[in-house]
Amino acid sequence: MATVQSSLNPVRYLAEEHLMPPSAQCPLCGAPVSGKPARKPIVLQENPVVILVKCSRCRAVSASRLPSAAYLQTYYASYYNEFQNAPRVAFRDIRRFAVHIASGAAPGKPQDTIRLLDYGGGDGRIALETARCLLERAAGRKAEVDCFDLSGTPPAPSPQAEISIRACARPEDFAGRLYHGIIASAVFEHIPHPRPVMKTLLAALEPGGWLYARTPYMVPLIAPAGILGLRIPFGFPAHLHDLGPAFWRRCLAILGLEATHALVRSQPSIIETSLRDYPARTIMAWCLKQPRRIMGGLWPLVGGWEVWIRRAGRD
């Protein structure tokens, strides 16, 4: 059986001392985890056993056992080591991705400074380029980018004088600030208990501000791929959760924010690769995502999901 593998999230098998005990609650919404096993559980590793569990309340799919905090700290300290002098980001075509993110961002009213937070975005290049896209719509304005990443990656230099960038080593470094936009791309699936982080980020939006999130939606693909002789790793222990459209429809209600925030766009995620660099993989991704346009929710085989959430307030 052929294996489709990502170099950024290699499969590793965790020993007992690197795993937390099975939780009695969903790590996304806190609902009790059912003791009834799935008919055909997806096994992430066999010794010790870790399987995927779907929450009946929020529809998130999570690993039955999560890595310890000590293991994750060591793991992410060297997360970008293989990149060496390359941009330390999870999406290589930075300009295309930034234009895409900015396309779903509310322009807001004229103001002196556009503030962006890049949460878990490596060296911050994607946020810097997104800021540049937003400034192209509003000449004469300035932008400030705050960059937070658990790997401790230093921020990239700003591409122009109108944009400044600041490293945030701890969440306390950006606490109390309000942002025009927050980018959390390929982040929430890495956090053992994302709920408090989601609430913190959404509360940090200024009125009219937006949050962009991109998450894996791989579980519906894993079983059909096996029929075709392909093994698609879930990405454990880097990926701990699979968050598709059913989760994002319920997210704001689960967080108690449905009165102040709105899910304004929810769709299959942008194709990460390009025809030039990965032609076969790119064509496969395109073929998987296109039927969603016709069949809607009847076609779950898209591989990833993305959303824009906006805080109510200023137009």
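Biologist: How much space lies in the second largest pocket?
Modeller: About 210 Å³ of space lies in the second largest pocket. A pocket is an open set of points on a 1 Å grid over the protein atoms alone, with protein on both sides within 12 Å along at least five of seven lines, and lining residues have an atom within 4 Å of a point. Grid points are joined across faces, edges and corners, and a volume is the space filled by probe spheres set on the points.

Biologist: Before we go on, what kind of model is this?
Modeller: This is a predicted model, where local features need pLDDT of at least 70, side-chain atom pairs count only at pLDDT 80 or more, and totals for chains, interfaces and linings use all residues. Residues are numbered from 1 along each chain as its sequence is written, and side-chain values use heavy atoms, with hydrogens and water left out.

Biologist: Thanks! Which residues line that second largest pocket?
Modeller: The lining includes His100, Trp286, Lys289, Arg292, Arg293 and Glu306. β12 (261-268), α7 (279-289) and α8 each supply at least two lining residues. Those helices (H or I, at least four residues) and strands (E, at least two) are DSSP runs, numbered from the N terminus.

Biologist: New topic: how many cavities of 30 Å³ or more does a search of the whole structure find?
Modeller: The search finds one. A cavity is a set of grid points where a 1.4 Å probe fits but cannot get out. The largest cavity holds about 40 Å³ of space.

Biologist: And what lines the largest cavity?
Modeller: Phe188, Met198, Leu202, Leu211, Trp248, Cys251 and Ile309 do. By class, that makes seven nonpolar, no polar and no charged residues. At least two of the lining residues come from each of α4 (195-203) and α6 (245-255).

Biologist: Now salt bridges. How many are there?
Modeller: The count comes to 13 salt bridges. A salt bridge is a side-chain nitrogen of Lys or Arg within 4 Å of a carboxyl oxygen of Asp or Glu.

Biologist: How far apart are the closest N and O atoms of glutamate 16 and arginine 65?
Modeller: In that salt bridge they are 2.6 Å apart. Glutamate 16 lies in the loop between β1 (2-3) and β2 (43-46), and arginine 65 in the loop between β4 (61-63) and α1 (69-77), so the pair ties together parts that are 49 residues apart in sequence.

Biologist: Is arginine 65 buried or exposed?
Modeller: Arginine 65 is buried, with a relative accessible area of 9%, while glutamate 16 is partly exposed at 43%. Buried means under 20% relative accessible area, exposed over 50%, and partly exposed in between (1.4 Å probe, protein chains only).

Biologist: What about glutamate 144 and arginine 177?
Modeller: Their side chains meet in a salt bridge of 3.0 Å, N to O. Glutamate 144 lies in strand β6 (residues 142-148) and arginine 177 in the loop between β7 (163-168) and β8 (179-185), so the pair ties together parts that are 33 residues apart in sequence. Salt bridges that share partners join Arg115, Glu144, Asp146, Arg166 and Arg177 into one network.

How values were computed
Ala, Val, Leu, Ile, Met, Phe, Trp, Tyr, Cys and Pro count as nonpolar, Asp, Glu, Lys and Arg as charged, and the others, Gly among them, as polar.
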